[in-house]
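Work through the exercises below with the structure open beside you, and try each task before reading its solution.

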Amino acid sequence: MTRVKRGYIARRRRKKFKIRALVSAHRDRDRQKRDFRRLWITRINAVIREKGVYYNYSKFIHDLYKRQLLLNRKILAQIAILNRNCIYMIYNEIIKTKIRKNTSK
Amino acid sequence: MVTIVIRSKPDRIIPQFYQQKLRLSTLYPSLKLPFELTKMASTTLTCYCSSLCSTLQFLQNQNPISKPLSQPVSRFLSTPISPPILTLQNPSLSQLYAFKKDSQIDDEEGDDSESVDLPDFKRNAFARPKLSDVLPDDIEIPKPGTPEYDDILEKLLPKKSPPPPREEIFAVVMVGSRQYIVIPGRWIYTQRLKEANVNDKIVLNKVLLVGTKTSTYIGKPVVTNAAVHAVVEEQLLDDKVIVFKYKKKKNYRRTKGHRQPITRIKITGITGFEDYPASTLEAETVSS
């Protein structure tokens, strides 16, 4: 058999893995944005569900927009972890309009 | 020939244990130098380390005044040696005991050349040199736990000052269409602020939430008149990100590097939120 240089096979293997690594990095950088948003939503959901039987993330976000709050999910998730009372205060703010509406009827 | 190259290493590489030992030499001036030098040596044969220590100790014993290492060795072996590199012949038994025969030892300062009674050192190649071997006999090593030990440690160890007190307040600020939790005294990376130069003072107006220890001010959407003061520290490029496009089996690949321009901002203070109505934990009572 003709002589094959020793590093030839290894170089091809390394090139393949390097390509895969770069492709994964590129793809996962876009995925990262999606993944983190999912994480934040899950966390906010977990904290908000403590506030009542029929209260959940979707209603929370709906009320948030109704009250014209601009806080995004990342910040809300961070606050939920670091400063639980803060999230409850935000919840109280959101709930105010609802109470008023109910009472006016 | 066992060649021992002793290079001085900078202090931060020497582990804490050895640093303490080195500093002990200031407390105990008659501490024998060769011990430290062998520890600092970058190439030694470990199997000969203990015997080296004992031979060096022996050689140092010959000279009651502690001198730099190269001098006594060269004198005994009578070979020309340049100061940074030290070469010792493989200490064989015959050579060690050869010193016994030569009772006349040349000394520059004219000290008494005494015939030294060699201690019976057992050539245990794997024995670790102990601190007690090296310290002179009359000195008592304080044991850990005693107040004397603590005193020495206090002198030797660097003192850590407590962190400076920080204002207990945070704000949520919107910069470059991204929101950050911001604390005075810390810095953040934001998108590049084009007109800002280094050391410019900046006021960030879009404050969405301010939280203190006692109350929270929730902005709908913005806390009016609140401002976050910051100083531009640096205008830099982010770490490089390689954009790699690849289609398999179609011989298509494109490589591109990308460095996003960013700005580092140091937050100095948060003001202007006091007049805004604060929020409380109690649910609002329905007013009739």
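This is a predicted model: local features need pLDDT of at least 70, side-chain atom pairs count only at pLDDT 80 or more; totals for chains, interfaces and linings use all residues.

Residues are numbered from 1 along each chain as its sequence is written, chains are lettered from A and ligands numbered from 1 in the order in which they are written, and side-chain values use heavy atoms, leaving out hydrogens and water.

**Exercise 1.** Classify the ring pair of Tyr217(B) and Phe273(B), and explain which parts of the chain the pair ties together.

Solution. Start with the rule: rings of Phe, Tyr and Trp (its six-membered ring) pair if their centres lie within 6.5 Å, and planes under 30 degrees apart count as stacked, over 60 as edge-to-face and the rest as tilted. Here the centres are 5.2 Å apart with 55° between the planes, and the pair is tilted. Next, locate the residues: Tyr217(B) lies in strand E8 (residues 216-218) and Phe273(B) in the segment after strand E12 (261-271), so the pair ties together parts that are 56 residues apart in sequence. Strands are DSSP runs of at least two residues (E), numbered from the N terminus.

**Exercise 2.** Decide whether Phe244(B) is buried or exposed.

Solution. Buried means under 20% relative accessible area, exposed over 50%, and partly exposed in between (1.4 Å probe, protein chains only). Phe244(B) has 5% relative accessibility and therefore counts as buried. Its stacked partner Tyr246(B), 6.1 Å away centre to centre, is partly exposed at 34%.

Methods
Helices (H or I, at least four residues) and strands (E, at least two) are DSSP runs, numbered from the N terminus.
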